[in-house]
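The sequence and the model are shown below.

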Amino acid sequence: MKRILSLVCVLCMVFSLTAAAEELTGTIRYSTWGSVTEKEINEQIIAAFEEEHPGCTVELDYIPSDYVQSIDTMFLGGDAPDVIYGHPHYFAAWAKEGLLMDLTEFYEENADFFYDDRFTTELYSRYIYKGANVATVNGSDTFLLFYNKDMFDEAGVAYPTDSWTWDDFLAAAKALTKTDGDMKQYAMVMNNLQPIIYSFGGRYYDDMENPTQVVFNSPETVEALSFVHDCIYEYGVSPDTTDSELLGGSFSTGRVAMCIDGAWGIANYTNCDFNWDVAQIPMKNADDEHVTAAYYAGYAVNADSQNPELAKAFAKYFQSERAQKLLAGQGLITVIDENVATSDEVLKGDHAPEHAYLRVETVPTSIGGYANVTNLAEVQDKALEPYFQQLVLGSIAPDECAQAIHAIMEELLPAGI
């Protein structure tokens with residue numbers, strides 16, 4: 001949506017925002033999880049906000065593990081943070097219980113939310129529950145193919161390109177796999193199956209934002225799961241469970257040539273002692289369009305916040321240029337501010353591989369990785385994770401895997417919408 005504001009409107013908005021900023025005072029709590037680096041970035045954003053808003057204090061609740069369970073417990077005890085970082089399906093579950101503030105009016109009062117020439121405003125729809133905006137947005141991360149350039153060079157294999165199909169992947173994978181002797185190496189560990197399923201044309205629900213029907217068990221999904229199974233048990237280019245444990249199961253060990261990971265991996269693999277880069281997820285057919293999965297994160301406001309105006313201002317601050325630059329600086333997130341996300345500072349900085357721009361270019365063709373259902377954790381625990389694990393273990397056939405997952409997802413859907 002394009003909104004052209006007159007100079008008068010802009011000046012009025014600036015004056016009103018300035019006045020609001022002067023009125024803000026008091027203390028709020030903000031919760032997040034993540035690595036030590038992410039914690040430090042959040043502390044820097046808090047410091048910047050407090051500097052711009054004298055008289056305001058933001059206390060950080062850093063919860064590195066059992067995050068959702070901890071927030072649930074805080075809500076039950078009436079002591080949840082004022083601003084809560086999370087994924088859309090977390091917010092959907094809390095919004096269903098009336099625990100989050102409806103930010104729709106707040107969005108409408110702040111026209112700069114809708115600057116399409118600056119923000120990827122399409123992401124807002126991921127944070128709508130029952131017609132209400134329930135969070136502000138920091139950005140998204142698509143899944144990419146990470147590859148060890150040194151291993152490719154040693155094997156004499158050309159690097160992945162935008163035209164790569166899964167057949168091209170398989171041909172390269174065979175040349176990159178060494179299973180003789182003690183120092184085994186493999187092409188890829190199969191630990192992120194969703195982008196593969198998407199690339200073959202499979203889907204989880206009819207609409208990940210507003211699911212009404214489970215569509216998991218399809219010929220496309222079965223074909224994708226068969227490919228994963230065959231990479232392990234027919235072609236041997238991906239390790240079985242035993243060899244995966246011996247390898248450490250990680251791209252960072254230098255014994256796995258490729259991995260599928262979220263774009264946040266650009267920050268996580270910075271200290272690897274080998275050369276690496278990123279590419280698009282391969283396609284099923286050469287004339288297909290690239291498809292990948294994406295994860296999203298944002299900031300919700302506690303409906304019972306004792307300082308709601310300060311809480312809303314802080315949740316919005318994460319979309320400020322200063323905060324967006326801090327979030328993007330380490331490569332942890334593809335921020336919603338397109339000017340920041342596409343800047344040379346971000347895409348050609350110390351933490352960026354040659355093709356880092358793919359983290360931005362793949363956003364428009366990505367599909368949400370998290371369905372907007374309130375019981376997604378249960379779907380993952382009862383259906384996706386255990387049956388994907390059985391597939392990788394070789395204890396279930398691909399078609400049986402798809403059927404079992406579909407049945408459980410279908411059973412759980414009514415309670416999640």
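The model is predicted. In it, Tyr30 lies opposite Val83 of strand β3. On the other strand treated here, β10, Val83 has Val301 as its bridge partner. The strand pairings of β3 are set out in the table.

| Strand paired with β3 | Sense | Bridges |
|---|---|---|
| β1 (residues 26–32) | parallel | two |
| β10 (residues 292–301) | antiparallel | four |

In a regular strand, side chains alternate between the two faces of the sheet. Strand β3 comprises residues 83–86, with Val83 and Tyr85 directed one way and Ile84 and Gly86 the other way. Are these residues buried or exposed? Val83, Ile84, Tyr85 and Gly86 are all buried.

The second topic is the helix pair. Two packed helices are described by the angle between their axes and by the distance between the axes. Helix α2 (residues 36–52) packs on helix α12 (residues 308–317) at an angle of about 125°, and the axes are 11 Å apart. Because of this angle, α2 is oblique to α12; angles over 145 degrees would count as roughly antiparallel, and those from 65 to 115 as roughly perpendicular. The crossing of α2 with α12 is right-handed.

Which residues form the contact between α2 and α12? From α2 come Ile45, Ile46, Ala48, Phe49 and Glu52, and these meet Leu310, Ala313, Phe314 and Tyr317 of α12. By class, the residues of this contact comprise eight nonpolar, no polar and one charged.

Note on methods: Residues are numbered from 1 along each chain as its sequence is written. This is a predicted model: local features need pLDDT of at least 70, side-chain atom pairs count only at pLDDT 80 or more; totals for chains, interfaces and linings use all residues. Side-chain values use heavy atoms; hydrogens and water are left out. Buried means under 20% relative accessible area, exposed over 50%, partly exposed in between (1.4 Å probe, protein chains only). Two strands pair if DSSP finds at least two bridges between them. Axes are lines fitted to C-alpha atoms, for helices over the stretch in contact, and angles run from 0 to 180 degrees between N-to-C directions. Angles under 35 degrees count as roughly parallel, over 145 as roughly antiparallel, 65 to 115 as roughly perpendicular and the rest as oblique. A crossing is left-handed if the near helix is turned anticlockwise from the far one by less than a right angle, and right-handed if clockwise. Contact means heavy atoms within 4.5 Å. Ala, Val, Leu, Ile, Met, Phe, Trp, Tyr, Cys and Pro count as nonpolar, Asp, Glu, Lys and Arg as charged, and the others, Gly among them, as polar.
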